[in-house]
Each structure stands twice: as C-alpha cells, then as structure tokens.
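Subject: A structure to look through

Dear colleague,

I am handing over a structure that I would like you to read slowly, with the viewer open beside this message. My notes on what was found follow directly below it.

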Amino acid sequence: MPVTKADLGHRIDQARGQERADLVIKNVRMLDVVHGTLHRTDIAICGETIVGTLEDYSGAVEIDGSDRVAVPGFVDAHVHVESSLVTPGEFDRCVLPRGTTTAVCDPHEISNVLGEAGLKYFLDASEGLAMDLRVQLSSCVPATGLETSGATLGASVLAKYRDHPRTLGLAEFMNYPGLFAKESEVMDKLVAFAGRHIDGHAPLVRGKDLNGYLAAGIRNCHETTSAEEAREKLAKGMQVLIRDGSVSRDVAALTPILNARTAPFCGFCTDDRNPLEIGQEGHMDHLIRTAIGLGADPADAYRAASWSSAQHFGLRDRGLLAPGWRADIVLLDDYESCTVGQVLRAGRVVTPEIFEGRRLPEIVGLNSVKRKPVTAEVFAHPATAATQPVIGVLPGKIVTEFRTASLPFGAGGLKADIGQDVLKIAVLARHGVNENIGRGFVQGFGLQAGALASSVGHDSHNICVVGTNEADMAAAVNRVITLGGGFVAAKDGAVLADLPLPVAGLMSLLPFEGVDGQLRTLRAAVRTLGCPLDEPFLQLAFLPLPVIPHLKITDFGLVDVDRFRLIA
C-alpha cells in the first residue's frame, strides 16, 4: 500500500516514544542478524513496520515475549506450491503459522499443464494471501523437447508479465543442455530477462560448463547436492539454496558449507514438500533446526533463512529486525530447535482469523486429464534382447543411476523381475495432444505386488505408473483417469487407496489436513505392497524429468540425460 505523510509521521512519533506504538512485543531476546547475537529488548511496531528495538516501549496492544526469541520471518527461496498437493490458499494456511512469511514460487507444474492460464492463476492467488507469495515466471514450459507437455510458454508470453508487481524474474532455468546448444527459444528467454533476476537449476554442472551457465546471467541453484559442488558455485558468485523437500534432502550434505562468511550467499528452500512431511517435520523451521542439529551456528542458519534470501531476491524490506523494516517476526519457544510459538506477518499476529476474507481466485484446471482408459496390453514390452537399461532409484534423491539388468521373457515380451527388484515403468501422455506411451524398467521401488500410478510427473505431468504386472498397472492408470488426476495404489485389479488431485491433476480441493490424512492412508497401503521408500509417489514423479541425471523416462521413451537424447 502507498505510504502517506501521516503514516510516516506516526512511525516517527511511535519510534521516538512520543506516541504509543500500535503493537509492542515486550521483553524478548531478539536476534541481531548483523552480529549474530541475542539481546533483550522490546519490539515496537507501527502498522506493518518495526519502529523501535529498545526497552520501555508501550503499545496500544502488547504481547508478552518473556523467554521467547524473536527472529525474522523465514523466506522459502524456491518452492513449487503445486507439489504441496494443495491450492495456494491452503499452502498459505499450512506454512505461515510455522514461520514461513515469504515464499518464492515457480508455478511451472501448473503452467506445463495449463500454460498461461496456470501462471495467471498463481499471480492472482498471490495477491490475496496472508503470506507474501512471490511468483517467478516459468522458464521451461515445456522443460525439454523430449516429452509431451500440455502447453508452451514462449518468451513473448513471459515478457507480458515481466513487470507484474508480484514477479521477481525468470524461474529456474532447467534446460541447461538447450542453453549450451544456444537453442533459439532458450536464447530468446534469456535475452528478454537480461539484467533481471534469473533462477538456476544446474545439478552436477561444474567447471567451464558452470562458467557458461553463469555467463548467461543465472544467479542461483537449488540442485546442489555436495559440499564440493557448493563451494565451487559459491566461489563463482552463485547463491546456493540449501534444499530439503519430501524427496530431495540436501541439508545434511550442505550444512558443512554454512558459516558466518557464506551465510549471506546461501538460502534455504523446500522445492517440493507435502502436508504429511510438513505436519510430521515442519517447513522452513525443519530445515533450520536440522542444520543447527548438524552443527551450524544458529545465527548463520537464521540469517540464511531470512535476510540472505530476501536480499538475494531484491526484497529489501525484510529479513532484519530493526526500525524501518517489515514486521515479519517469528517468536520462538526454543532458539536452537526452532520451535515456533507465534508468528507476525506485516505486523499482524497470525491466528486463524488472518485467513478469513482472503480474495482467492476461482479454481482452474479441472478435467485436465484427457487420456482414454487403457488395457493391460499397452504395457507389453516387445524387446528382442533380455539385457535392458534400468533406471536406478536412489532413495531421497532425484538423481538416478543408469543401470542394466537381464530380464525374463513372457507373453507380450519382457517382464518385471521382482527378485531383482526390477519393475515395469511407463509414462502415458495425458494432455490430449497424442497417445504416446514410453516404456522401460526401474529398480528401487521394492514392490512385491501391485502398481502405483500418478498424474504428477515432473515437469510435463503425464501419467506415470510403476508395477509388478501389466493388469495392475492398467487398473492404477484408469483410476487416475477417472479421478481427473491423483495418486493411486492398486493390487489384484482393485484400488487399495488413492488421493484425488483434480486441480490440473496436481492439487487437491481438500484442506491441507485432509490431504495429510489421505496421504497417511495411501502410504500405509503402499507399505503392504512392499515399498520401503518414504515418498514413493514423489520419487516416481521425478523419474520423467529429463534434465536430472542420469537415466529418465518420458512419454517418448527412455532418456539418457548425460547425452540428452532418447535411447533407441
């Protein structure tokens, strides 16, 4: 909102103690983000702004902060709200009470399904939330030319929203092979956003390739998975966003790089994290307490989770508890375990009432699954050679291994081999563009029976299915189609459990508590099939992502990511 002379006058008078502050948090221990120390103070707030950090302020409203520690609100530096499986309004209600006052989102999941309509839905939603949700413009729709997407967002469309007040820049630039090849559409997008913020996505990109990637104006990376890789990126001026999502968990590997010198050049992000993990572990609070538990100095962890990310994205009004800064404040019951007791967002205490009266846009993307029902025969694998490439799943990682296995023949060709934990996998185009089916094999799901299917398949979000036999694969896929999108577990031709995701095949219409409950039921059903993975559906969802090494699968077939080409 515009600031008036009267507003400034009230701020000045309340800061000087000549007028009672609108709100005062009394007698807290406050984190001095600059020096990394705690000191006891009052925090005086006028409207949305902190105006004083000394003792003896009085306020029209006062909060007793005794024995609590005040830290700046947390900034999630990179998140796909769709991967929380709930709509933006429910994401807001889920994470804001945990201290995430700002989030930088990339809506490229819904944009790959709905195109500009999906992007606009998120821009509209961001204007009505209680938290501050900033929207990066999705740079990779489609992510590559090796899959069938539901839409295309070219440079000219993205440029229309370049100056939208809710945008910060261009979202994660995943297509680094296209960048190195200087593909025309890739170059058009980079030129259109030259001099503006561009997010990165560069797993295992090192040396001169990293130099070339950074020379294009890209500024950060959330796909760093080792301390050695992180140190090189930091040395070359790249902000390293330390991630811990539902599948990709990198805090343990990257905490050793976090110290007083590097904290200004690091941030924290969740990327993909669902309500079950948020309920069990937390959101940004989980990342902070994990890093502290692994040896990070608490001040460095809180600095990276607030001021560093805010500065990196040009959000100059937050991340510090000081006069003139936005009153995004987290009151902690315990500093080292990041136990959130109370949250203030722009000077308002976060209670259930803060979510009432929000202006949320009409839901989009219903009936987005346009695939016709299938039969078991479509999953036949008529290969002539027994030895086949196999996608090797690594628990807790989205990077996969390129393996091979010798498989048995049966009716219709090659079969899954439960003894080797090698199952069939397929990706079915679902956007109505074509009837493509990519077929292959995967190792690491541990299923002893049945099949799992999902309409969440990064980033084009076709239907992914893994199974021990073709009949259960067909049953699971057909249930996904009937639901209009979702997660399904099937056995003996029957559905064991499911989670409907009718909004673009990505998000539920339920409150986040309902999604949590359905995920628990679904996880229990998958356990009965023998799967040991913590997040089997999200692990499955990353197998069609052909910009993450080393072997992936799309509706076109198996993709050798290192060579960026299909395997014949």
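Tyr 302 and Tyr 335 are both buried, a word that here stands for a relative accessible area under 20%, whereas exposed means over 50% and partly exposed lies in between, with a 1.4 Å probe and protein chains only. These two residues form a stacked aromatic pair, with 5.2 Å from centre to centre and 15 degrees between the planes. Because Tyr 302 belongs to helix 13 (residues 298–312) and Tyr 335 to the loop between strand 14 (329–334) and strand 15 (339–345), the pair ties together parts that are 33 residues apart in sequence.

Please keep in mind that this is a predicted model, in which local features need pLDDT of at least 70 and side-chain atom pairs count only at pLDDT 80 or more, while totals for chains, interfaces and linings use all residues. Residues are numbered from 1 along each chain as its sequence is written, and side-chain values use heavy atoms, with hydrogens and water left out.

As for the terms, helices (H or I, at least four residues) and strands (E, at least two) are DSSP runs numbered from the N terminus. Rings of Phe, Tyr and Trp (its six-membered ring) pair if their centres lie within 6.5 Å, and planes under 30 degrees apart count as stacked, over 60 as edge-to-face and the rest as tilted.

The structure holds five aromatic pairs, and ring pairs link Phe 74, Tyr 302 and Tyr 335 into a cluster. Another stacked pair is made by Tyr 302 and Tyr 335, and one is made by Phe 487 and Phe 537, at 4.8 Å centre to centre and with 10 degrees between the planes. Phe 487 sits in strand 25 (residues 486–491) and Phe 537 in helix 16, 50 residues apart, and their pair links these distant parts of the chain. Phe 487 is buried, with a relative accessible area of 1%, and Phe 537 is buried as well, at 5%.

The backbone also deserves a careful look. His 461, in the loop between strand 23 (451–454) and strand 24 (463–467), has a positive phi near 60 degrees although this residue is not a glycine, and His 461 is buried, with a relative accessible area of 0%. The peptide bond from Val 141 to Pro 142 is cis, with omega near 0 degrees, and a cis peptide bond also joins Pro 549 and His 550, where omega is about 10 degrees.
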